[in-house]
Amino acid sequence: MTDTNARILADYQPSDFAILSTELEFDLADQATRVVNKMHIERITDKAQPLILDGEQLKLISVQLNNIELSESQYQLNETSLTIDTEAQDFILTVITEIDPLNNTALEGLFKSGDAFCTQCEAEGFRRITYYLDRPDVMAKFTTKVIADKKQYPYLLSNGNKIAAGDLANGKHFVTWQDPFLKPCYLFALVAGDFDVLRSSYTTVSGREVALELFVDRGNLPKAEHAMTSLKKSMQWDEQTFGLEYDLDIYMIVAVDFFNMGAMENKGLNVFNSKFVLADQSSATDTDYFNVEAVIAHEYFHNWTGNRVTCRDWFQLSLKEGLTVFRDQQFSGDMHSAAVTRIQNVRVLRAQQFAEDAGPMAHPIRPEKVLEMNNFYTLTVYEKGAEVIRMIHTLLGQDKFRQGMDLYFQRFDGMAVTCDDFVDAMADGSGIDLSQFKRWYSQSGTPELIVKESFDKQQQLFTLTIAQVNKPSKQQTEKQDLLIPIKLELLSDNEKTQHLITLSDSQQKFEFSGYSVKPIVAFLSGFSAPVKVNFPQREQELALIMVKASDAFNRWDAGQQLLTRYIHALVQDADFTLPQDLVVAFKQILTLPGDAALKAEQLTLPSFDELVEQFEQIDPIKLLDALKQIRLFLAQGLASEFHQQFQRLSGRAYQNDGQSIGERALKNVCLAYLSHLSDYQSLTVNQYQNADNMTDTLAALHYQALTASARFSEQIKDFEQKWYQTPLVMDKCFMLQALFADESIFNKLAVLEQHPLFILKNPNRARSLIGAFSHNNPRYFHCLSGRGYRFLAKHVAALNDINPQVASRLITPLIQFKKFDSKRQAMMKTELVNLSQLSNLSRDLKEKLDAALGN
Ligand code: B3K
Ligand code: ZN
């Protein structure tokens, strides 16, 4: 990347100024909100630097220094900053700006979501509200007065505690909030609107009562209960697991329909995409319920890992995100099945993070160079970041991990720190050396482990030789050996032994004595490191691991490895004969007793994305055909077993407990296989008609779309009529149609783009059509006519003007073009080149296009 505006980690300099307090006053109006920002500023270095405040898309009204208005010659203004040449050491600066929330379609800063005003400041949105030192290591005490029309906006919210409220002239009113905690401006929030409020309270472990308030659109109160319950569970879990207690007297969550991502952890006032708040039996799936709980937990956990201790600069993002994802994954594992939660996390990592780490935007979990910070809220920073924390947890063990965390909070509460600070605290708190381990923070790419085994019968010695390969990449031509914790289990006739070994060199031998027969290795138990494994075990061994390994991840993974081998064989040779043993193994899983949710995972084939990741280059249609073949083979080989299970698990009244959820998942996996057989076509149709919950409804329609069922159009129409007024379900309706696996999809897409409810400005809606098609309809996205690529590129171009963040997320499948055959590469590249020539190309897209096109 040649852009000179890119920021570099190594260039970090502390701020020359501190902001001791920030007093804000907002007079809200759709197109002309007036923001008064009064800052108490102190010079904290002896450098004679001018004060340079960040600001974008602001109309500056006035600047006062110690109450004296500055003339235009006393400051410099440009597109991104306001510079004040002053030698003052300690002063009050008052900046008045005007902003236009109504036309803020980028949804950064202050914007309107429907009838409500709300904010999104992370990473650098605050500079779209007022001129400020918009960086996370500048922390201030905020007081915020919000003024608005009382009828339209009865609720005026901001961070902290309410300290004043009252009526004003012209039907307006005001509320003033004060946040007693120091915070960077990215954690600032303001919301104004008319809502229904679900109120409850939580008594903390030390006996303090916290008011809990959940704000939703009018009429949605019953759909907020699950979010409230999830919040209380999260508060309790953090007390019990990490000894962390909530610190304000009030915790508010507001759900809005227009939001770029999942949610935002603003101090005391979380703003959420309504997708991660609202849930009830008829409109939300089991996965939605799970995700609501997980995102509520994630944002709540940020109160300590993110807010009380925050990042020194944005390169350190994984300090709070990797750690908080790890915490929410542990929480979900404790609330549900730890094994299934782990497997699902690994699937996401392998399918998406590995792809990112092998693609043009590959970066270490602590990136070193950033043009647009919003591009770095990635699977790498979040999910691989969480794996890195998990490895520390594995190396230290539960108790020492906790000691490290305790020391981290003791040292850094109220501060803005680095990833190194975190690892040092974990090392000092536990007494375990993590110096080599730190390389995980600076090295991109997925390591590969090459495993060889040997057995000396005479010595009764079993030896594993493990090598690590860290392939050089364009961004990092030289890579270093990492410290990799590897859990494994040795299975022999009479015993199973678990081991934790650490690989620190490029190749090491590990010996295990006392074996009269060669044991079988269940390798990388619990997926103890985010690596690829090259270990050519025999099929019989994998089959044995599938049933015998103690660790559920190992059992599941052995099955996935077997399936993957056969899929690779089919890609090589479409006439490859699949072994009947596979049917036998699947039959065992299906019929033997066991956890239904785990069975559902074991019976699910590796996804297209997971498989693409394993090839250097692939013809996507060949891969899809191989997947189709194995799916049909299993469906035909096990039709009566699938049907039997399906019937056994059907027709039960909806319940929301873990077992029922697992059984629904298993039932729907059976239905998925059966939907490919002509004899069972009526099953999805009937399930749609009889379902009493969204999980079953959606599964029925989903499989109809994937098999291009003749009944799909009639049932989806019925679905649409029923849910026309419910935005979150209409997102599902668009998504289902985008998955229709038939040539006619392009006509369908053309009709859907014209649908009165297709609103490109709403990120959820944009994702539900454009994202769903390009990500989850690979056969037509990759069709040789190039229509799929053109469809995506056209919408990315439109979104470049409306909402660059969303555009930049949606472009992902196009920039990963190197994975596909040369014909497709050429077509995808053409679209990227065209996009790179857009006249007003956003920073977000520019950064990705430059990386993809090698500029
Ligand atoms: N911290 C926010 C993400 C902000 C993304 C800005 N583009 C939500 C979260 O990770 O909890
Ligand atoms: Zn987060």
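Which side chain has an N or O atom 2.8 Å from an oxygen atom of ligand 1? Here are my notes on that and a few other spots; keep in mind that this is a predicted model.

1. Let's settle the opening question. The side chain belongs to E299, where an N or O atom sits 2.8 Å from a ligand 1 oxygen. On the nitrogen side, E265 has a side-chain N or O atom 2.8 Å from a nitrogen atom of ligand 1. Y382 gets in on this too, with 2.5 Å between an N or O atom of its side chain and an oxygen of ligand 1. Taken on its own, ligand 1 has 340 Å² of accessible area, and the protein covers 95% of that.

2. Next, the zinc ion, which is ligand 2. Its protein donors are H298 and H302, each through NE2, plus E321 through OE, at 1.9 to 2.1 Å. Read along the sequence, the spacing of these donors is H-x3-H-x18-E. H298 is in helix 2 (residues 286-301) and E321 is in helix 3 (residues 317-335), so this pair ties together parts of the chain 23 residues apart in sequence. H298 and E321 are both buried.

3. The peptide bond leading from E122 to A123 is cis, and its omega is near -5 degrees. Most peptide bonds are trans. You'll find A123 in the loop that runs between strand 11 (116-120) and strand 12 (140-149).

4. Q57 is not a glycine, yet its phi is positive, at about 55 degrees; its loop lies between strand 4 (51-54) and strand 5 (59-65). N170 also has a positive phi, near 60 degrees, and its loop lies between strand 14 (161-167) and strand 15 (172-183). For non-glycine residues, a negative phi is what most show. Are these two buried or exposed? Q57 counts as exposed because its relative accessibility is 65%, and N170 counts as exposed at 71%.

5. N103 is another loop residue, placed between strand 9 (90-99) and strand 10 (109-113). With 47% relative accessibility, N103 counts as partly exposed. Its side chain makes a 2.9 Å polar contact with the side chain of D100.

6. Finally, the annotated domains, both taken from an unreviewed UniProt entry. Residues 540-853 are labelled "Peptidase M1 alanyl aminopeptidase C-terminal" in UniProt. Here the chain is 73% helix and 0% strand, and 45 Å separates the end C-alpha atoms.

Notes:
Residues are numbered from 1 along each chain as its sequence is written. Chains are lettered from A and ligands numbered from 1 in the order in which they are written. This is a predicted model: local features need pLDDT of at least 70, side-chain atom pairs count only at pLDDT 80 or more; totals for chains, interfaces and linings use all residues. Side-chain values use heavy atoms; hydrogens and water are left out. Donors are N, O and S atoms within 2.8 Å of the metal (3.2 Å for Na, K and Ca); water is not among the atoms, so sites may look incomplete. Helices (H or I, at least four residues) and strands (E, at least two) are DSSP runs, numbered from the N terminus. Buried means under 20% relative accessible area, exposed over 50%, partly exposed in between (1.4 Å probe, protein chains only). A polar contact is a pair of N or O atoms within 3.5 Å; within protein, one must be able to donate a hydrogen and the other to accept it, and residues adjacent in sequence count only if both atoms are side-chain atoms. Accessible areas come from the Shrake-Rupley method with a 1.4 Å probe; for residues, only the protein chains shown count as cover. UniProt positions are given in the numbering used here, feature names are shortened, and annotations may be inferred rather than shown by experiment.
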